[in-house]
Amino acid sequence: MEDILYHLFNGDYDITPERDKKQQELYNQRYAELEKIQAVFGLDFMNRLFDLEAECEVQQNYKYYRSGFILGAQLMLEALDVKPG
């Protein structure tokens, strides 16, 4: 395993956790169901659905990121014994 600082420096650090066995099974089942939906509704419908899902995910991830950043700042203030306001 290479040093995490090296990956951070190069910008290629991936925080995405690997899927465990159960997650992979669920992913495979989901994919099979999506193929059935595409067969009925067509590719244009699926593309639009995926575009909407991606947009929702971006918004949700930003909210998580923002909340995590605020929590991190609050923890640092607490560690430094700085009183807000």
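Helices are DSSP runs (H or I, at least four residues), as strands are (E, at least two), numbered from the N terminus.

The model is predicted, so local features need pLDDT of at least 70 and side-chain atom pairs count only at pLDDT 80 or more, while totals for chains, interfaces and linings use all residues. Residues are numbered from 1 along each chain as its sequence is written, and side-chain values use heavy atoms, with hydrogens and water left out.

**Helix α2**

Select Asp20. This residue caps the N-terminal end of α2, with a side-chain oxygen 3.3 Å from the backbone nitrogen of Lys22. Next select Lys21, which is in α2. Lys21 counts as exposed because its relative accessibility is 66% (buried is under 20% relative accessible area, exposed over 50%, partly exposed in between, with a 1.4 Å probe and protein chains only). From Lys21 to Lys36 there are 15 residues in sequence and 23 Å in space, C-alpha to C-alpha.

Move along to Ile37, also in α2. Ile37 counts as partly exposed because its relative accessibility is 31%. The C-alpha of Ile37 is 21 Å from that of Glu57, 20 residues apart along the chain.

Now view α2 end to end. Its 21 residues reach 30 Å from first C-alpha to last, close to the 30 Å expected at 1.5 Å a residue (the expected span is 1.5 Å times one less than the number of residues). Gly42 follows α2 and has a positive phi, near 95°.

**Helix α3**

Select residues 43–79, which form α3. The 37 residues of α3 should span 54 Å at 1.5 Å a residue, and its end C-alpha atoms are 52 Å apart, which agrees. Within α3, pick Ala73. Ala73 is partly exposed, with a relative accessible area of 33%. Ala73 and Asn61 are twelve residues apart in sequence, and their C-alpha atoms are 18 Å apart. Just after α3, Asp81 has a positive phi of about 60°.

**The largest pocket**

Finally, select Ile15, Thr16, Pro17, Arg19, Gln23, Leu26 and Tyr27, which line the largest pocket. A pocket is an open set of points on a 1 Å grid over the protein atoms alone, where a 1.4 Å probe fits, with protein on both sides within 12 Å along at least five of seven lines; lining residues have an atom within 4 Å of a point. The volume of this pocket is about 240 Å³.

Methods. Grid points are joined across faces, edges and corners, and a volume is the space filled by probe spheres set on the points. A polar contact is a pair of N or O atoms within 3.5 Å; within protein, one must be able to donate a hydrogen and the other to accept it, and residues adjacent in sequence count only if both atoms are side-chain atoms.
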